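Please keep the structure open while you read.

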Amino acid sequence: MTAPETKQAMTFEDFRTEVLNDYKIAITSRECSLLGRREVLTGKAKFGIFGDGKEVPQLAMAKAFQNGDFRSGYYRDQTFMMAIGQLTIQQFFAGLYGHTDLEHDPMSAGRQMGGHFATHSLDENGNWNDLTKQKNSSADISPTAGQMPRLLGLAQASKIYRNVSVLSKKNKFSENGNEIAWGTIGNASTSEGLFFETINAAGVLQVPMVMSVWDDEYGISVHARHQTTKENISEILKGFQRDEDNKGFEIMNVLGWNYAALVGTYQRAAQIAREEHVPVLIHVNELTQPQGHSTSGSHERYKNAERLAWEAEFDCLAQMRLWMIANNIATAEEIEEIDNVTKKEVLEGKKAAWTAFLEPFKKEQNELVALLESIASTSVNRVFIQKYANDLKEIKEPIRKDIITIARKVLRMIVGEKGQPQLATWIKNYLTNIQPKFSSHLFSESAHQVTSVKEVVPTYDNNAEEVDARLVLRDNFDAIFSKHPEVLVFGEDSGNIGDVNQGLEGMQEKYGELRVADAGIREATILGQGIGMAMRGLRPIAEIQYLDYLLYAIQIMSDDLATLQYRTKGRQKAPLIIRTRGHRLEGVWHSGSPMGMIINAVRGIHVLVPRNMTKAAGFYNTLLETDEPALLVECLNGYRLKEKMPTNLGAFKTPIGVVETIKKGTDITIVSYGSTLRLVEQAAKELLEVGIDCEIIDIQSLLPFDINHDIKKSLARTNRLLVVDEDVPGGASAFILQHVLDVQNGYDYLDSKPQTLAAQPHRPAYGTDGDYFSKPSAEDIYEKVYAMMHEVNPKDYPALY
């Protein structure tokens, strides 16, 4: 039941103590599940999804889990978290209630529903803890199988640390790559493509990953026969089993109610993965789910009497009790005593969590009641205000919505009265204090955030050579790899041929196949590799070959990477750089620019859109000084254009969130980004011939957007605005316009209606003509600006049509 060397030194009494402790943890977890369900049904909690039925295998996993290891799991793993000492009874219930204080709910400070677990990789200032000295859990997400891509990267980091010699001093993150990444998933969720993509990639990469499938035969109400071929995931994955001639997985099967077999299985799996860096899949069969899938419904609706009777008999805790009695580890009376004591402890922990949850609300409630009563004494609406105060006072278990709603309703009643400024100030202060509890840490709030990096301009020799722009990128990457040993890049065609546009030419030969690597055609797990490795202190650059292919990975970007700092309230980070290329090639699938879709799905990731490769190289240099993730879109038609070669490669930095005015003008401000700017510049030259002087602003980054409000300053000079974008109508152009008008109040300076010029609402057609008739052309831009000036001065600019 333990490793052989431990067995020899362990007395029966030591063994008995260990087993009883395991049982105590398991029964604690079960009681939390049972009482948690009741809290939801009584309305104290909103929703519950619990780990009942999975307790014993999670104990076995925890016994093999060591400091430095990482978990990437799903929302059934509460017993495991308790077993590694990272979840208490009170914290369990604080998470269920949504306590917004990390001291009470260290998993997410109330930002995720209960059952979503995380440990703290960062201190309160956003600096790395020593991950080798703690047991680590990457922050869970709800989308089924969404934890799988990240798991791959967590495991790959161990391979990198073990085999890249320049990283040997990275002792905060790894001890010679000995760490295992432990994955967990429900049997039904193995039907997701992300599961299969990750399993395949792990087998190819040969990384230390132990994947546990908790199999209780159902996915919510749907039986395994509708989920999995042969109703058995390990059976259909047999082709992944390694043998003497082929690398692959080690696949193990074990019964989920057999404590002794589970402990032995997990010890063997850990040894293989840790020492040999071979992935292992453990199919844990014959598990139960005593309370059904969640508090949304009862499993009696879809399980027959025979199945329910079997589940009662083979509940893992029931079987563990029988095993303990049969092996003289405990009597039935001793087990009953543990059960009774544990029930009391869980009840007390629940009460303590609820009291702590309500305490700040009651204080705020009393404060507002006193203020309302004071205001009522001098108001013509004193009767109504006093009623609001009384109603608030009578709420025994208030929440913040109750408090602020009443305050805002009363404010409407006292406009112009003596008490209005006092209540208005109270509301403003309340929102200032409370809103960050729900909205902070979408981006980094540390000293390493992107806006902390100042611009460093490229420098040039007097006789600087003009070269293909891809060489600026290539030589800058060379400087990066030399300067930052923790940087690595991987993607389709990134390694051997140096990417499809030769921006990495020669880098694999110089820096090795682990730091500059090819990857299979599997965008989601390329992203996952990057997320997991970034969570372990590396600085990965994950390359997605074309912008359109990013859609394969948008779910991972949106649900996992973009929310990571937010959902842990700044206690985990993954400063991943996603490299891709897009804009204005030819055809439906290689020239799309779905920026509106992207920027509205990935809030929490910076989106950078440089107009040339020098600007792009500067962004890479900037990002490596920060602790935030970003997507960088290189201009696909810009690699062969000529740019001067800077002398300060690896050192110049493009500022993030700062626009650049690339042409001054007096008549109209044209705002754009990326490849389209070249068309804007062409149109501006032609417009100047008829006396129209355009100011051109390169946005450079969509997220963040113009943090210095320079576009508004431009409008103060020109009084007119045109946003040109190659996304569909209402896409990124609408986002830009909303920022200029709503955030910057740019309308203050407008003498004409602000306008946008976007692409057609369809994907671009193939060929040069397809591009011309699908996306804005120089002629479109010219005529749009000319028409705006015709409206202002029809005499000087008579209508064209």
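1. Start with the overall count. The structure holds 28 aromatic pairs. Remember that this is a predicted model.

2. Look at Tyr 74 and Tyr 75. Their rings pair at 5.2 Å centre to centre, with 40 degrees between the planes, and the pair is tilted. Both Tyr 74 and Tyr 75 are buried.

3. Now go to Tyr 786 and Tyr 797. How far apart are the ring centres of Tyr 786 and Tyr 797? The centres are 5.9 Å apart. The planes stand at 80 degrees, so this pair is edge-to-face; the cut-off for that class is over 60 degrees.

4. Tyr 786 sits in helix α27, which covers residues 778-792. Tyr 797 belongs to the segment after α27.

5. Buried means under 20%.

6. Rings also gather in a group. One aromatic cluster is formed by Phe 50, Phe 92, Phe 93, Tyr 97, Trp 354, Phe 357 and Phe 361.

7. Lys 303 lies over the face of its ring, 5.3 Å from the ring centre.

8. Finish with Ile 233. This residue lies in helix α8, residues 233-236. Ile 233 has 3% relative accessibility, so it counts as buried. Leaving out residues up to four places away in sequence, Ile 233 touches Thr 190, Phe 195, Phe 196, Val 213, Thr 228 and His 283.

Conventions
Residues are numbered from 1 along each chain as its sequence is written. This is a predicted model: local features need pLDDT of at least 70, side-chain atom pairs count only at pLDDT 80 or more; totals for chains, interfaces and linings use all residues. Side-chain values use heavy atoms; hydrogens and water are left out. Rings of Phe, Tyr and Trp (its six-membered ring) pair if their centres lie within 6.5 Å; planes under 30 degrees apart count as stacked, over 60 as edge-to-face and the rest as tilted. Buried means under 20% relative accessible area, exposed over 50%, partly exposed in between (1.4 Å probe, protein chains only). Helices (H or I, at least four residues) and strands (E, at least two) are DSSP runs, numbered from the N terminus. A charge sits over a ring if NZ of Lys or CZ of Arg is within 6 Å of the ring centre and within 35 degrees of the ring normal. Contact means heavy atoms within 4.5 Å.
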